[in-house]
Amino acid sequence: MALMTKEQYIESIKKLDIKVYLFGELLENPHDHPIIRPSLNSVAMTYELAHDPECEDLMTATSHLTGEKVNRFCHLHQNPEDLVKKVKMQRLLGQKTAACFQRCVGMDAFNAVYSTTYEIDKAYGKNYHENFKKYMEYVQKNDLTVDGAMTDPKGNRGLSPSKQEDPDLFLRVVERRPDGIVVRGAKAHQTGAVNSHEHLIMPTIAMKPGDEDYAVSFAVPTDAEGIFMIYGRQSCDTRKLEEDVDIDLGNTEFGGHEALVVFDDVFVPNERIFLNGEVEFAGMLVERFAGYHRQSYGGCKVGVGDVLIGAAALAAEYNGAAKASHVKDKLIEMTHLNETLYCCGIACSSEGYATDAGNYQIDLLLANICKQNVTRFPYEIARLAEDIAGGLMVTMPSQKDFKHPVIGPYCEKYFKGIDNVPTEHRMRVLRLIENLTLGTAAVGYRTESMHGAGSPQAQRIMIARQGNLEFKKDLAKRIAKVDEASISERQAAATIK
Ligand code: SF4
Ligand code: FE
């Protein structure tokens with residue numbers, strides 16, 4: 001079963017005994033809940049498209065471990081072309097769902113853990129890489145969705161993990177046994193956690209001696225004993241609980257989600273441990289995972305941006321404003337910004353390089369530039385979409401009013417745009433813009449663009465580190481004919497006089 005169908009995926013995830021709390025209740029069938037279901041549909045799309053002959057090239061790859069065809073979300077990148085295809089696949093899925101399809105965190109974690117475990121074993125003669133290779137074969141054979149989990153709650157940001165007043169604010173090992181470890185803590189903002197078969201845990205920051213219990217990486221099933229999740233709220237989420245709201249939702253079928261995943265003394269067997277106390281490798285794992293996920297945003301956000309640009313263009317058309325030069329110019333600007341993000345995603349992929357383990361890593365500087373732009377451009381694209389849409393996107397009455405026997409005809413009459421377009425079409429497009437810029441999907445398109453894969457400052461630190469200023473200073477010196485040796489000689493002579 002190297003490639004599951006969409007139906008098999010849904011069935012397989014429903015079989016798990018996942019514990020999810022939403023609005024203070026432990027849900028009986030979380031995946032049928034109207035607030036959660038759209039996010040499951042988005043992940044299901046990653047399975048559906050893998051069977052579409054037109055998308056096959058982007059959606060699948062050949063595993064170097066098993067020689068079998070696997071979903072690209074389970075693939076270890078073998079060359080820069082794989083990295084480019086990954087970004088193209090993410091753009092495609094963003095276009096199809098207009099939401100976060102969640103499965104990338106696992107793919108990015110696979111590639112980071114694969115190359116880092118190789119380096120740890122080389123330094124310490126451990127068996128982590130072999131453990132991880134076996135785990136990857138299991139993931140690929142069963143076509144699993146895995147939550148690549150990095151972010152700890154972090155408590156006081158000024159203190160290291162071992163210096164926190166509450167020792168559980170970074171996930172940690174609380175017991176070491178001959179057959180494995182017991183872990184306690186939590187991972188926050190976990191994208192797709194409820195729709196994942198497994199969690200693959202990584203540390204959240206670089207660590208120092210003293211933090212050994214916190215330098216830990218492992219995999220466990222989502223329904224392992226001791227794990228439960230608390231589902232994150234989204235703006236306008238309870239609209240999904242109302243009746244007759246398919247127009248009001250803007251995007252009825254797809255969505256994304258995040259959750260707090262709590263590990264209340266969870267046992268991890270030895271064969272699923274990939275880092276256990278080697279503090280100096282925590283930083284490498286974080287940097288590599290973050291690099292991949294910063295690349296990812298140059299695909300997924302661009303795909304969602306395509307939908308938003310299309311919706312803005314339709315809104316302009318339905319308003320009768322499509323020919324206005326300022327509207328055309330705003331759409332050009334939106335396209336320019338969106339394609340710039342794509343350029344960054346493609347560039348950091350094309351410049352990818354082989355790690356010692358053999359899988360390919362993106363160019364770190366360019367991936368950080370990509371994500372830094374993502375912290376800004378979607379906001380500007382959203383601003384322009386709101387500008388073009390007009391105020392009606394936030395003042396429009398509900399679907400029930402439009403369908404009402406008495407007031408419905410008034411809504412129909414007073415909210416009509418150009419003649420040949422039904423009022424309902426105009427409503428639907430405006431609600432989609434609302435969903436993407438202010439509603440449930442705004443989590444993924446706006447705030448996640450800011451903080452997902454690391455907040456802007458995290459990229460600036462990496463840009464400072466990777467920017468190679470000394471090399472650039474030398475370039476300038478050569479052109480300006482600044483010869484440092486002769487300058488210091490002249491200065492010394494002047495002092496003697
Ligand atoms: Fe994938 Fe984008 Fe969602 Fe991250 S935000 S999981 S890259 S779709
Ligand atoms: Fe993300």
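**The iron site**

Modeller: Happy to! Y297 (OH) and E448 (OE) coordinate the iron ion (ligand 2), at 2.3 to 2.5 Å. Donors here are N, O and S atoms within 2.8 Å of the metal (3.2 Å for Na, K and Ca), and water is not among the atoms, so sites may look incomplete.

Colleague: Which helices do Y297 and E448 lie in?

Modeller: Y297 lies in helix α8 (residues 282-319) and E448 in helix α16 (residues 442-451), so the pair ties together parts that are 151 residues apart in sequence. Helices are DSSP runs (H or I, at least four residues) and strands are too (E, at least two), numbered from the N terminus.

Colleague: Is Y297 buried or exposed?

Modeller: Y297 is buried, at a relative accessible area of 2%, and E448 counts as buried at 12%. Buried means under 20% relative accessible area, exposed over 50%, partly exposed in between (1.4 Å probe, protein chains only).

Colleague: Where do these rules come from?

Modeller: This is a predicted model, where local features need pLDDT of at least 70 and side-chain atom pairs count only at pLDDT 80 or more, while totals for chains, interfaces and linings use all residues. Side-chain values use heavy atoms, without hydrogens and water, residues are numbered from 1 along each chain as its sequence is written, and chains are lettered from A and ligands numbered from 1 in the order written.

Colleague: New topic: how many disulfides?

Modeller: The count is 0 disulfides, taking a pair of cysteine sulfur atoms within 2.5 Å as one. The sulfur of C348 is 5.4 Å from the closest cysteine sulfur, in C370, too far for a bond.
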